Structures are given as C-alpha cells and as structure tokens.
Amino acid sequence: MLWLVLALLVVLCAGAFAAGRALAARRAEGGKAHSRPNQHAAYALIWSAAPAIVMLVLGAVAAGPVTQKLMLEGAPEAVQTLEPFRRQAFLGDAHRVGQGLEAQQLWEQPYAELLPAEGRRAHRIESTLTWGGAAAVILAALLGALFALSQIKASMRARNRVEGWIGGLLFACSVVAILTTLGIIGALAWDSLRFFQSVPPTDFLFGTQWSPQTAIRADQVGSSGAFGAVPLFAGTLLIMLIAMTVAAPIGLFSAIYLSEYAGPVTRAVVKPVLEVLAGVPTVVYGFFAALTVGPAFRAFFNGIGAQLAGGPLDGLGQYLMLVQNQMALVAGAVMGIMLIPFVSSLSDDILNAVPQSLRDGSYAMGATQSETVKRVLLPAALPGISGALLLAVSRAIGETMIVTMAAGLAARLTFNPLDTVTTVTVQIVTLLTGDQEFNSPKTLAAFGLGLTLFVATLGLNLIAQRIVQRYREQYD
Amino acid sequence: MTDASVPTPAAQAERLGRLEAGLKRRHAREGRFKLYGRLAIAFAIAFLVILLGRIGLQGYSAFTAHSVTVPVYMDTTRIDRAYPAGTNFELLVAEQQLARWGVADPDGSNAAALRSLYSSELKFAAAERVSRSPELLGRSTPISAPLSDDADLYFKGEIKRSTPEAQRRLSDQQMDWLDRMKEEGVVQRHFATALFTNGDSTEPELAGVLGAVIGSALMLLVTALIAIPLGVGAAIWLEEFSPRNRITAFIEVNINNLAAVPSIVYGLLGLAVFINFMHLPRASPLVGGLVLALMALPTLIIATRSSLKAVPPSIREAALAMGASRTQTVFQHVLPLAMPGVMTGSIISMAHALGETAPLLLIGMVSFTPGLPTSIVEPAGALPSLVYIWENASERAFHERTAAAIIVLLAFMVVMNAAAILLRRRFERRW
C-alpha cells in the first residue's frame with residue numbers, strides 16, 4: 001500500500017511538473033515572463049509534493065497511537081481491565097490475527113474467544129486508517145498541484161517563490177536538531193515525572209539503597225527505599241576517576257610530544273594510529289575488557305593475594321584472593337584507554353593554537369623545550385585543556401558498553417577499585433532489556449536515571465564548550 | 001647597584017659550577033620529559049596492537065570448522081517415510097557408529113554420549129536427503145555435517161585432555177571417539193562457510209553473522225536516507241543562508257550539545273518516542289536506523305559545515321556577480337565543490353553509526369533473532385549487538401565466534417574508512 005501511494009505520488013508530481021512547464025510556456029507566449037518555464041514547473045512540483053509529504057509524515061507519526069486508541073476504546077470490558085503489559089500483548093496479537101498470522105502466545109478464556117473478533121476489528125481499523133491516509137495524501141497532492149497551476153502566469157515570480165521554499169526546507173532541516181533536543185527532554189521528563197510520582201525525587205537522588213529488582217514484591221523494604229541512586233552515582237564517579245587517571249596524563253603527554261617534539265614523519269604515523277584507537281567501537285573495548293583484561297587483572301591480584309595470605313597481611317591476602325573478573329578498575333582502565341585519543345586530539349588542537357611567539361620568547365630567554373612547555377605553554381593552554389578534560393569526563397560518564405560488559409551489576413556504595421560496582425548507564429540497560437512492564441517504577445526508573453545523566457552531561461558540555469570557546473577567542 | 005662588589009674569582013668559579021650542575025639537571029629533566037611523551041605514545045600504540053592482536057588470535061580459529069562424513073544406513077524401521085524430519089538421526093547415526101566400532105551399549109548411554117558430538121545439522125541434512133530421494137531408504141549413504149561445538153573446540157586444541165575430566169565438557173571416552181574418527185579420516189577441517197551464510201542460532205556451530213550483517217545494512221540504509229539529506233540541508237542553511245540572530249545561535253548551540261549527548265540517551269529517546277508512542281515495530285531496522293540517524297546528525301552537520309567553509313568566498317562572489325541568485329550559487333557552485341568533503345564526512349559518520357551499540361540495546365535489538373531479516377519492519381539483529389549477545393552466551397565456542405564477529409565488524413569499518421580516505425585523496429582540492 002505504501003509503495004503504491006508513493007508510486008502514485010511520484011507520478012502525480014511528475015505530472016504537475018510537466019503541466020507547470022507547459023502551462024508556463026503557453027501563458028508566457030508573446031510577452032516576457034519573469035521566470036523560466038522550469039522554475040514554474042519546480043513551483044508546481046513543490047506544491048504537489050510538500051503537502052503530500054507533510055500528510056505522509058503526519059500519518060506515519062499518528063497511525064500507531066490512533067490505532068492503539070481506537071482499539072482500546074472499542075475493546076470489550078475484559079480487555080480493558082487487563083494490566084497494561086498484557087493488554088499491549090493482547091492488542092498486538094489481535095493485530096497479528098487480523099493480518100492472518102498466528103497469535104504469539106496462547107490466550108486463556110475469555111481472551112481466546114475474543115481474539116478472532118478483535119482481530120477482525122483491528123484489521124478493519126487498520127485498513128480504514130490506511131485507506132483514509134492514502135486518500136488524504138493523494139488529495140493533498142492533487143489540491144496542491146491545482147493551486148500551483150492556477151497561480152502560474154507570466155508575471156509570477158516563480159524563481160523567488162521556489163527559492164523561498166528551498167530556504168524554508170533547509171531551515172526545517174536545521175530545526176530537526178531543536179526537535180531532537182525537545183524530543184529527548186520531553187521523553188525523559190514525561191516518563192521521569194511518572195517515576196517521581198511513585199518515588200520522591202529526594203529519595204531517588206539521596207537514597208543509598210538501590211534494588212529495583214525487588215520493587216514489584218509487596219514485602220520489600222518499601223518501593224521508595226529501593227530506588228536510591230547514590231550507589232550508582234558513586235560507581236559512575238569511581239569509574240570516571242579511574243578512566244581519567246589513565247586518559248589525562250597519557251593523552252596529554254601524547255599531545256605534548258606530538259605538537260612540540262615529533263617530526264612530520266612521527267606525526268604522520270602516530271596520528272592515524274590514535275584515530276584507529278578512536279574509531280574502534282565501544283562494544284569491542286567491552287569485549288576486550290571482559291574477556292582479556294578482567295581475567296588478567298584477576299589472576300594478577302589473586303596471585304598477590306596468595307603470596308600475602310598466611311603472612312602478616314593475611315586479611316588483605318584473603319581479600320585479594322576473592323577478587324572477581326568484574327571490577328571498577330578493569331572498566332575504568334579500558335575506558336581510560338578509549339579516551340586517550342579523545343583527550344590527545346583535543347589537547348593537540350589547543351596546544352597548536354598557542355602562538356609561536358610565546359614559544360620563541362621562552363627559548364630566547366634560554367629555557368629548554370620542556371621548561372617552555374611546563375611554564376609557558378601549559379599555563380597558556382590551561383583553560384582549553386581543562387575544557388577538553390571536562391568533555392572527556394562527560395564522555396566517561398555517558399559511556400555504556402564497556403561498563404555494561406566489565407563493571408558488573410552490584411549496586412554498592414564503595415570507592416574500592418577492586419570491587420564490583422555499577423553505573424547509571426549499566427542500570428539503564430539492565431532495567432530496559434529483557435521483559436519489561438511499562439508502567440512499573442522499575443522501567444520508569446531508567447528514564448529517571450536517563451534524565452539525570454542527560455542533565456549532568458549537558459551541564460559539563462555547556463561549561464566545557466564555554467571554556468574552550470572563550471580560550472579560542474583569546475588568541476584570535 | 002653602584003656599590004655592588006666585583007665577585008672574587010673563587011665566587012665566580014663557584015657560580016659557574018652551580019650553573020653547570022643546574023644545566024645538567026635541566027637537561028636530564030628535559031630528557032625525562034621527552035621520554036614521558038614517548039612512553040605515552042608507545043603505551044597507546046602497544047594497547048592498540050594488543051587489542052587487535054588478541055581479537056585476531058581469539059577469532060581466527062572461528063574461520064575454520066570441523067565436519068564429519070558418516071555413512072548413514074537409512075533404516076526403514078526407524079524412518080517414517082511420510083515425515084523423515086521426525087527421525088532422531090543423530091541417535092541413529094551414533095548407534096550405527098558404535099555397532100561399526102564394536103562398542104557395547106547396554107543402557108544407551110554410550111549412544112547418547114556419541115550423539116552429542118554431532119551437530120543437529122546432521123539431522124536436517126539426512127532428513128532432506130531422504131525426502132528428496134526416497135529410494136535411499138534401506139540403503140547406506142554418506143552424509144557430511146558439522147561436528148558439535150565442543151568436538152570442534154577439542155580438535156582446535158581449546159579443550160585439552162590435561163584438564164581434569166569433571167571440569168571439561170567432553171569425557172575421556174568422547175575424546176577417544178573423536179581421536180578414532182580423526183584416525184579413520186572422516187573428520188575434515190574446512191573454511192567455516194556457515195559463519196557467513198547463516199543467521200544467528202543457539203547452537204554455536206550453526207550460528208553465523210549473515211543475519212546481523214543484513215540487519216546492519218538495512219539499518220545503515222535507513223540512517224543514510226534520513227541523516228544525509230537532513231544533515232546536508234541543515235549545514236547548508238547554517239553556513240550559507242542563516243541570518244545572524246538568536247535562532248541561529250540557539251540551533252548552533254543545540255547541535256554542539258547534541259554531538260556530546262551520550263548515545264544511550266538516544267536509545268531512551270527511540271524507546272519512548274518511536275516504540276512506545278508511535279508504536280513502530282520493536283527491534284526493527286527502521287527504528288534502529290531512525291535512532292542512529294538522529295545520533296549521526298550533529299557530527300554530519302559539523303563535518304559538512306567545515307567542508308562548505310573550505311570553499312573560498314571568491315567562488316560565491318563570482319557567481320553572485322554573474323547574476324546568480326543565492327540558491328543558484330550554493331547549489332550550482334558551492335555544493336558541487338564541497339561534495340568530496342561532504343561525502344567523506346557522511347561515510348565516516350555512517351561508519352561510526354555502524355559500530356554504535358548502546359542505543360540498539362534499548363530498542364530491543366539484543367533479543368535472539370534467528371534467520372535472515374527480510375524487511376525493515378521485522379525484528380532483526382545488528383553486528384554490534386550480535387557481538388554483545390555472543391559475548392554473554394555461556395557456550396565457550398561463542399567466544400571465538402564473538403571475536404570473529406568483531407573481525408567482520410572491523411573489516412566493514414575499515415572498508416568504509418578506506419573509501420572515505422580514498423575519496424578525500426582523489427578529489428580533495430586545496431585552494
């Protein structure tokens with residue numbers, strides 16, 4: 001159906017183009033037209049395509065929700081009183097039955113009995129919507145084309161109008177960025193609000209116990225107490241700190257060496273290598289952390305523990321012998337390595353932006369190269385570099401795959417790098433994969449975490465960009 | 001300063017000595033500083049080598065597999081002529097093999113142990129053979145099928161006899177049988193075509209990456225169709241048309257921020273808007289492509305803007321002076337000149353989107369999807385999410401396959417990036 005409508009639309013648009021061209025040529029006969037026939041034709045084309053595309057997009061966005069609403073309103077009592085998750089499944093199966101497919105699950109009475117009728121109703125609703133939508137699209141295209149054709153005359157400024165449309169279209173493209181931001185904020189805020197209705201924000205932000213798995217049971221600590229996100233924030237912070245202790249010095253020293261010491265050949269070799277490191281997908285780092293770095297670190301610490309056990313440091317030895325594959329140190333170290341190219345390329349740019357005259361002045365005073373770097377370049381580049389490090393911090397906080405695969409799931413309030421910790425992103429993934437029930441605080445908590453994450457990274461980015469911007473202007 | 005005394009020769013020599021010692025210290029410090037830089041770079045490079053080498057070492061063995069060719073006596077008492085697929089061929093073959101070897105099997109446990117060495121593919125291959133040529137019934141015919149994942153790992157040396165028997169998945173007896181098969185020459189090592197022609201499967205020896213490759217390709221298609229026109233359009237507007245006002249500034253700040261939003265947040269956006277609000281099919285390449293498009297948009301806009309910026313203003317001025325309108329100038333002169341840069345930027349951002357995993361987890365692409373995807377609205381897998389699924393699988397044979405899937409993923413990214421570099425080399429113009 002969709003392809004048929006699209007094909008028809010293409011034919012209509014082509015017709016409008018041809019008609020516009022012919023009409024413009026005829027109406028301009030004898031006199032001098034403002035615009036060329038092709039520009040009139042483009043005008044007709046735009047007027048037939050634009051309304052139709054708007055209708056198509058509206059239809060694509062609205063079809064799902066409208067179907068859902070209609071199905072729900074006409075549904076029998078038994079279906080309406082189902083809990084939301086199963087109701088969704090039932091309506092999904094009704095859709096499948098209506099399409100002539102098998103239902104996905106076996107339904108007990110009375111639902112099994114209701115299913116065929118509901119299937120027919122789903123089919124009716126869907127086909128009505130589809131046909132209605134198709135008719136609306138074609139009608140919009142036809143009306144638009146007729147309007148444009150009626151406008152064509154020799155004195156019409158078709159070119160200016162077409163260019164106005166093009167400008168509008170380009171503007172619309174850039175507005176998508178704003179819409180995305182609004183979409184993110186809207187989606188996160190909406191579901192977070194629903195979450196905060198059952199769990200007060202203060203409990204979420206300052207509570208120290210996180211155990212969402214048990215939130216459905218009635219005999220638990222209390223659903224509000226189980227959603228304290230402080231252990232997650234602590235885990236995120238710990239891993240971020242470890243990552244930055246790896247990434248900041250190594251990235252910074254690489255940048256200094258590349259911009260101050262390395263010759264063109266070294267630069268030509270090392271820069272692409274760092275770019276490769278930056279291009280490796282994070283899931284690959286995660287795999288490496290989980291299956292190579294984790295076991296290696298574990299063997300290392302267990303070995304040390306075996307040496308210490310039985311001696312004066314027996315307690316520590318016993319502890320080290322129990323260290324697991326999943327620990328904050330593994331995730332943090334690998335994440336730090338992932339961030340090296342990020343830090344180094346940003347710092348490299350910033351160091352290169354420091355004017356040569358500062359270096360020359362320092363050398364003329366007899367300073368060595370390292371003294372110049374330490375006493376002149378770094379102080380001059382400090383704001384820029386701190387901005388770059390802040391951007392890296394925001395990256396580390398939002399990074400998901402490495403921590404999901406290597407940090408573990410235990411929500412523990414600890415700053416011991418050898419412990420298993422969990423982070424905000426890990427919990428979002430855990431809460432939203434597998435079976436979900438869409439109105440329980442458990443799944444909604446993911447959106448609360450998402451909102452926190454978004455606000456934190458947005459704040460860091462804004463500050464960092466402000467710093468970098470101001471620093472750039474300083475030497476321009 | 002007039003009353004400053006002239007330094008005595010002794011004091012002068014002492015000062016010179018201090019200076020020289022200081023100079024030595026300063027030079028040593030200089031050398032150390034330089035060494036730190038070298039070490040940092042060496043560390044980064046070493047890590048890259050270890051990472052790639054380790055994955056290569058872990059994954060290369062997955063590119064070969066072991067198969068066995070066994071003569072199957074098509075026992076008419078065991079095979080239902082009308083429904084051959086209902087026969088337990090693995091057990092049948094195991095029993096016949098034991099009989100050939102003369103191994104007694106009083107309680108059927110030996111047959112069960114031997115049977116587990118064959119892949120379930122044996123059953124499908126035999127059933128298909130019988131249903132295609134029923135005249136084989138009552139006769140013996142050789143059939144080739146993969147060995148089970150554990151048997152395959154044993155031949156590859158991943159499961160060793162030296163491990164205590166209780167800690168490995170194969171018993172001593174099973175290992176003896178495998179050695180015996182090998183001696184008889186019925187086991188072949190060959191290129192693992194199944195890895196490239198199959199979709200995902202719960203059985204490692206039958207699992208392949210093709211389903212995920214197709215899923216990723218469909219997803220990237222959706223991403224490219226949405227992100228490239230939108231991104232280029234937005235970049236043109238911002239670079240060539242936008243008036244300097246609040247709205248423009250706001251859009252620019254917005255784009256810069258979106259580029260730094262964590263990818264998992266885009267996954268939440270996709271889940272809330274595309275799946276829960278618009279009711280688009282979960283885990284489908286359509287939803288995945290939409291999410292990745294939104295995510296790729298900011299970087300694409302930034303890359304396109306910089307290549308538009310690289311076109312010198314004299315080109316625009318010349319076109320405008322000849323009477324072209326602004327639109328004509330941009331679309332007939334500036335954009336064609338900026339095209340190589342635009343294409344390079346697009347390919348690189350698509351390669352980035354290909355490797356992105358976190359948003360896919362949230363829109364349901366981590367569930368097991370067997371078979372090959374056929375359309376953009378059916379649930380499908382994707383390469384990075386396949387890596388994630390296989391990494392979590394408990395079977396050890398999936399470890400080498402995960403590395404192999406990573407190698408395939410990296411190969412695609414290398415090809416895309418190489419294409420981008422070639423384009424840049426071939427068409428880039430310095431003004």
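How many salt bridges does the structure hold over all chains? The structure holds 25 of them, and this tour of a predicted model visits several, together with the contact between the two chains.

**Stop 1: chain A as a whole**

Begin by selecting chain A and colouring it by secondary structure. The chain has 17 helices and zero strands. Its radius of gyration is 31 Å, well over the 23 Å that the globule rule gives for 476 residues, so chain A is more spread out than a compact globule. Viewed along the principal axes, the C-alpha atoms of chain A fill a box of roughly 95 × 80 × 40 Å. Of the 476 residues, 46% count as buried. If one considers contacts in chain A between residues at least 6 apart in sequence, 73% of these join residues at least 24 apart.

**Stop 2: a salt bridge within chain A**

Next, select A:R267 and A:D348 and display their side chains. The two form a salt bridge, with the closest N and O atoms 3.7 Å apart. This pair links distant parts of the chain, 81 residues apart: A:R267 belongs to helix 9 (residues 264-279) of chain A, and A:D348 to helix 12 (residues 328-353) of chain A. Is A:D348 buried or exposed? With a relative accessible area of 1%, A:D348 is buried, because buried means under 20%. A:R267, by contrast, has a relative accessible area of 23% and is partly exposed.

**Stop 3: where chain A meets chain B**

Now show both chains, and select the residues of each that touch the other. The contact takes 81 residues from chain A and 77 residues from chain B. Between them the chains bury about 6900 Å², of which 77% is on carbon and sulfur atoms. Eleven residue pairs are found in polar contact across this interface (both at pLDDT 80 or more). On the side of chain A that touches chain B, helix 6 (residues 158-198) of chain A gives the most, with 18 residues. The residues of that side divide into 49 nonpolar, 27 polar and five charged.

The count of salt bridges between chain A and chain B is one. To find this bridge, select A:E371 and B:R26, whose closest N and O atoms are 2.8 Å apart.

Then move to B:T327, in helix 13 (residues 326-355) of chain B. Which residues does B:T327 touch, not counting those up to four places away in sequence? They are A:E163 and A:I166 from chain A, and B:F241 from chain B. B:T327 is buried, with a relative accessible area of 8%.

**Stop 4: salt bridges within chain B**

Continue to B:R305 and B:E252, which form a salt bridge with the closest N and O atoms 3.2 Å apart. Here B:R305 in helix 11 (residues 285-309) of chain B is linked to B:E252 in helix 9 (residues 246-260) of chain B, 53 residues apart. B:R305 counts as buried at 17% relative accessibility, whereas B:E252 is partly exposed at 29%.

Finally, select B:D152, B:K156, B:E400 and B:R401, which are joined into one network by salt bridges that share partners.

Note on methods: Residues are numbered from 1 along each chain as its sequence is written. Chains are lettered from A and ligands numbered from 1 in the order in which they are written. This is a predicted model: local features need pLDDT of at least 70, side-chain atom pairs count only at pLDDT 80 or more; totals for chains, interfaces and linings use all residues. Side-chain values use heavy atoms; hydrogens and water are left out. Contact means heavy atoms within 4.5 Å. Buried area is the accessible area (1.4 Å probe) that two parts lose on being put together, summed over both. A salt bridge is a side-chain nitrogen of Lys or Arg within 4 Å of a carboxyl oxygen of Asp or Glu. A polar contact is a pair of N or O atoms within 3.5 Å; within protein, one must be able to donate a hydrogen and the other to accept it, and residues adjacent in sequence count only if both atoms are side-chain atoms. Helices (H or I, at least four residues) and strands (E, at least two) are DSSP runs, numbered from the N terminus. Ala, Val, Leu, Ile, Met, Phe, Trp, Tyr, Cys and Pro count as nonpolar, Asp, Glu, Lys and Arg as charged, and the others, Gly among them, as polar. The radius of gyration is taken over C-alpha atoms; the globule rule is 2.2 Å times the number of residues to the power 0.38. Buried means under 20% relative accessible area, exposed over 50%, partly exposed in between (1.4 Å probe, protein chains only).
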